[in-house]
Amino acid sequence: MLNAHAEVVGRLTREMKDQMGIPLTWYEVLLILYESPTKSRRMHELAEARVLSRSAATRLVDRMVRAGLVDRTDSAVDGRGTNVVMTEEGVALLRRAGRLHLDGIARHFGDFVTEEEAEVLAGVLWRVAEKLRSAEM
């Protein structure tokens, strides 16, 4: 599992950097934001979703703000929190990068498994992840 993951992610990372000019982690952050109904997430939620420390998430978001892909806004819920919001440039880049990423997943993973194997594998991996998450609580 670890070897296959490293190979696939390594290839996806190189393609994203070479063809889109961004790290794969930026794409992942943009995807997390895009999937939110408000196209934004609280900074701590983003850190948790990306399995990053808050300081690492802050540094990552700082770089994405400088690139014009996201903005920070004060939380409307409480003045202490910070939201990370996609910009129009971020949405446009996500759309372009999404095609590359999905194509890469198909070439570097999907081409080597049948649809039935992919369904079984997805079910097993989701179950393991859910069991581990619930055990942490």
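1. Axes are lines fitted to C-alpha atoms over the stretch in contact, with angles from 0 to 180 degrees between N-to-C directions, and helices are DSSP runs (H or I, at least four residues) numbered from the N terminus.

2. The model is predicted: local features need pLDDT of at least 70 and side-chain atom pairs pLDDT 80 or more, whereas totals for chains, interfaces and linings use all residues. Residues are numbered from 1 along each chain as its sequence is written, and side-chain values use heavy atoms, without hydrogens and water.

3. Contact (heavy atoms within 4.5 Å) joins Leu24, Tyr27, Leu30, Leu31 and Tyr34 in H2 to residues of H5 including Val91, Leu94, Arg95 and His101.

4. The largest pocket holds about 1,500 Å³ of space. A pocket is an open set of points on a 1 Å grid where a 1.4 Å probe fits, with protein on both sides within 12 Å along at least five of seven lines; lining residues have an atom within 4 Å of a point. Of its 28 lining residues, His5, Val9, Leu125, Trp126 and Ala129 are the closest to the centre. H6 gives the most to this lining, with nine residues.

Notes:
Helix = DSSP H or I, 4+ residues; strand = E, 2+ residues; numbered from the N terminus. Points joined across faces, edges and corners; volume = space filled by probe spheres on them.
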